[in-house]
Amino acid sequence: MDYKKGKYKVKNIKLADEGRKKIEWAESRMPVMMALRAKYSKTKPLKGYRIAGCLHVTKETAVLCETLVAAGAKVSWSGCNPLSTQDDVAAALAKNGLEIYAWHGQDVKDFYWSIDRTLDMKPNLTLDDGADLIFTVHKKYPKLAKEIIGGTEETTTGVHRLRAMAADGKLLYPVIAVNDAETKWDFDNVYGTGQSSIDGILRATSVLLAGKNFVVAGYGHCGKGCAMRAAGLGANVIVTEVKATAALKATLEGHTVMTMDEAAKIGDIFITATGVKDIITKKHFEKMREGAIVCNTGHYDCEINLNDLEKIKKAKRTVRPNNEEYTLKNGKKIYVLAQGRLVNLAAAEGHPSEVMDMSFANQFMSQLRLAGYDKQGILLEPEVIDIPVTQDQEIAGIKLKTMGYKIDKLSKEQEVYMTDYSSGT
Ligand code: 3DD
């Protein structure tokens, strides 16, 4: 398609060549996705399907988008966070004919305008990260929801919201919980978030982590990854939690556990990874040390209460890209990264390609699964659906193979033994 006639709105189409080099870099590190693209570009099982996507526009997402198109789908895309779009990647996608509405630094109006544009093509499949697209369909286009076969959801926060909606009987079409796939949750959320969040902090501050008191709020998969990688760089990791078992796991990993009220007094760097609002508020800011750095790696920007900070500041200025210095009335300076939005995608490039390879293989295969049900005339209940266990093993198997690893196989006798409850010691 001649991009001059194409439907898109990006920051600057001239950035396309730079973006294309980043996408090629990602392709060379996403062997599972490229294997799926090679396989399904021949049979085009998504021909006739229209996918509206709302997911961070990164070099890895570009590989997902172009693989969906290669498999025959018509795709229209928006970013799922106002600060996470990589403008050169968006330009490269537009120049290659993808319908895309995404640019870095959108305001909330732009953000929802972009989602609306992706719905102009009347999708029959949706692909979300944080469920803003599916909620827009439910709120503004309930009639369109009736035409939608199903959707997929990338992130923990989004799956939580959708499960609550389904429990309320409000979900209008089935959604596959991509986040809950073992080959997403146990890899992307832990190893991806761990590395990319540190990446964002270092790009925005270039501080030494060794010896610093590094406070992680939330010890779920994401918090665990951040704690692990900060400890690896020599930081003293402090974990705050509300769930006893999670806090206990943190102590057994060698991290210190305390309340945020206590951690606020001694922390040098704070990162929130809870999915809950108001984790760091006025009373915490007022206790913080001079020069404390505060950031978030949760999906929404609700975890650090910036309204509270505005109330107790006497000055604010941007000191580095994605790094705002707040001078408080008590004279101390606090540094907030990426305006409290997810620091890994707003101040860096998100998770590395190698780990997104598996997350997006789950997205791609889940879209194929929904199209497959449709072709068989199977109407699914409007609920949240899990990934089949076999899919996790299949994706992990392809990944291992591309890394040159071989694993053992159970013999027939061993398989029998596994299910034979009669044999004991
Ligand atoms: N996310 C993290 N890194 C990403 C990347 N490089 N491209 C696209 C999306 C990316 C966020 C989500 O994949 C997922 O980790 C989440 O749970 O939000």
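Trainee: Which residue does Asp87 form a salt bridge with?
Mentor: Lys11, with the closest N and O atoms 4.0 Å apart. A salt bridge here is a side-chain nitrogen of Lys or Arg within 4 Å of a carboxyl oxygen of Asp or Glu.

Trainee: Where do Asp87 and Lys11 lie?
Mentor: Asp87 lies in helix H4 (residues 87–95), and Lys11 is in the loop between strand E1 (8–9) and helix H1 (16–27), so the pair ties together parts that are 76 residues apart in sequence. Helices (H or I, at least four residues) and strands (E, at least two) are DSSP runs, numbered from the N terminus.

Trainee: Before we go on, what kind of model is it?
Mentor: This is a predicted model: local features need pLDDT of at least 70, side-chain atom pairs count only at pLDDT 80 or more, and totals for chains, interfaces and linings use all residues. Residues are numbered from 1 along each chain as its sequence is written, and side-chain values use heavy atoms, with hydrogens and water left out.

Trainee: Back to the pair. Is Asp87 buried or exposed?
Mentor: Buried, at 14% relative accessible area. Lys11 is partly exposed, at 48%. The cut-offs: buried is under 20% relative accessible area, exposed is over 50%, and partly exposed is in between (1.4 Å probe, protein chains only).

Trainee: What does Asp88 pair with?
Mentor: Lys22, in a salt bridge of 3.3 Å, N to O. Asp88 is in helix H4 and Lys22 in helix H1, so this pair ties together parts that are 66 residues apart in sequence. Asp88 is buried at 16% relative accessibility, and Lys22 is partly exposed at 24%.

Trainee: And how many residues apart are Asp308 and Lys311?
Mentor: Three, about one turn of the helix; both lie in helix H14 (residues 306–311). Asp308 is buried at 13% relative accessibility, while Lys311 is exposed at 55%.

Trainee: How many salt bridges does the rule count?
Mentor: The count comes to 28.

Trainee: Switching to the ligand. Which residues come nearest?
Mentor: Thr58, Thr155, Lys184, Asp188 and His351, out of 16 residues around the ligand. A residue is near if one of its heavy atoms lies within 4 Å of the molecule.

Trainee: Which helices each supply at least two residues of that shell?
Mentor: Helix H3 (59–70), helix H9 (182–205) and helix H16 (353–375). The shell divides into four nonpolar, six polar and six charged residues. Ala, Val, Leu, Ile, Met, Phe, Trp, Tyr, Cys and Pro count as nonpolar, Asp, Glu, Lys and Arg as charged, and the others, Gly among them, as polar.

Trainee: New topic. What does Thr136 touch?
Mentor: Tyr112, Ile115, Asp116, Leu119 and Tyr141, not counting residues up to four places away in sequence. Contact means heavy atoms within 4.5 Å. Thr136 sits in helix H6 (residues 132–140) and is buried, at 5% relative accessibility.

Trainee: Where does Leu233 lie?
Mentor: In the loop between helix H10 (221–232) and strand E9 (236–240). Leu233 is partly exposed, at 43% relative accessible area. Leaving out residues up to four places away in sequence, Leu233 touches Ile198, Leu209 and Ala210.

Trainee: Last one. What is the phi of Lys122?
Mentor: Near 50°, a positive value in a residue other than glycine. Most residues other than glycine have a negative phi. Lys122 is in the loop between helix H5 (108–119) and strand E5 (125–128), and is exposed at 51% relative accessibility. Asp278 also has a positive phi, about 55°, and is not a glycine.
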